[in-house]
Amino acid sequence: MSTDARSAIVDRRKIKHDFMNDLNSLLMTLEALQMVREEPDEFAELVALMQSTINSFVARIDAVLKLIPDSADPS
Amino acid sequence: MRAESPSKVRVAIADDDATQRILLQLFVERLGHHVAWQAENGRQAISLCGAERVDVVLMDLDMPEVDGLEAADQISEWGVPVVLISGMPDSQYLVLELEPIVSHLTKPVSMQTLNSAILHALVDSARKRLGA
């Protein structure tokens, strides 16, 4: 296997790992938010954590989208 | 340093994702347990476990430097039960039957499944100590 092919596999695995981590964090934060809904300080901290995770997730999507060409060449 | 109640279960968390560590700590503490330490990779987990004994380790599978399985292998030799947590649903087939993993959870982890896994680890650990 070429070095490029190996790197691509490692990169794909890392991208998948990071995406899954963000998604799982969002789902776990939702459960945590329900748990602390009567505690304003904890609730605010978790909302900030969720916003940070969403920003990270959006940045990852953006990074992957940049790898896709704007349009396919029909010729 | 605040002394923890001796009745509290001492839990360690090893995960390379900072947000996951925060959430797992919150869940563990809400379950009434104490988080003794946190590690960012398997190597750090092994080092910390050697320095401070805990009752159970929550270990992420996919971590840099030393991965969760390798760290679990070392830590379990010291008689500490390890609950393996992974973000990849298909990884359970790889590790389900492997010793020394006491149990395996797939993210996202809920409070209920985390509680069951910690209790299972404690029961399993006590059984092994008693030679049952």
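In chain B, 57% of the contacts between residues at least 6 apart in sequence join residues at least 24 apart, a contact being a pair of residues whose C-beta atoms, placed from the backbone, lie within 7 Å. This is a predicted model, in which local features need pLDDT of at least 70 and side-chain atom pairs count only at pLDDT 80 or more, while totals for chains, interfaces and linings use all residues. Residues are numbered from 1 along each chain as its sequence is written, and chains are lettered from A and ligands numbered from 1 in the order in which they are written.

Chain B has five helices and five strands, where helices (H or I, at least four residues) and strands (E, at least two) are DSSP runs numbered from the N terminus. Along the sequence these elements follow the pattern β-α-β-α-β-α-β-α-β-α.

Strand E4 of chain B, residues 82-86, is mostly covered, with five of its five residues buried. Val82(B), Leu84(B) and Ser86(B) point one way from E4(B), while Val83(B) and Ile85(B) point the other way.

Strand E3 of chain B, residues 56-60, runs parallel to E4(B) and is joined to it by four bridges, strands being paired if DSSP finds at least two bridges between them. Within this pairing, Met59(B) has Leu84(B) as its bridge partner in E4(B). E3(B), helix H3 of chain B (residues 68-76) and E4(B) together make a right-handed β-α-β unit, right-handed meaning that, with the strands pointing away from the viewer, the path from the first strand over the helix to the second runs clockwise.

## Chain A and its contact with chain B

Chain A has two helices and zero strands, and buried residues make up 13% of its 75 residues. In the model, 13 residues of chain A are in contact with 15 residues of chain B. Helix H1 (3-35) and helix H2 (40-65) of chain A each supply at least two residues of the side that touches chain B, and H1(A) gives the most, with 11 residues.

That side of chain A divides into six nonpolar, six polar and one charged residue, with Ala, Val, Leu, Ile, Met, Phe, Trp, Tyr, Cys and Pro counted as nonpolar, Asp, Glu, Lys and Arg as charged, and the others, Gly among them, as polar.

## Confidence

The model scores ipTM 0.82 and pTM 0.85. Chain B averages a pLDDT of 86, with 85% of the residues scoring at least 70; pLDDT is the predictor's confidence in each residue, from 0 to 100.

Notes. Buried ≥ 20, exposed ≤ 12 C-beta atoms within 10 Å, placed from the backbone. Contact = placed C-beta atoms within 7 Å.
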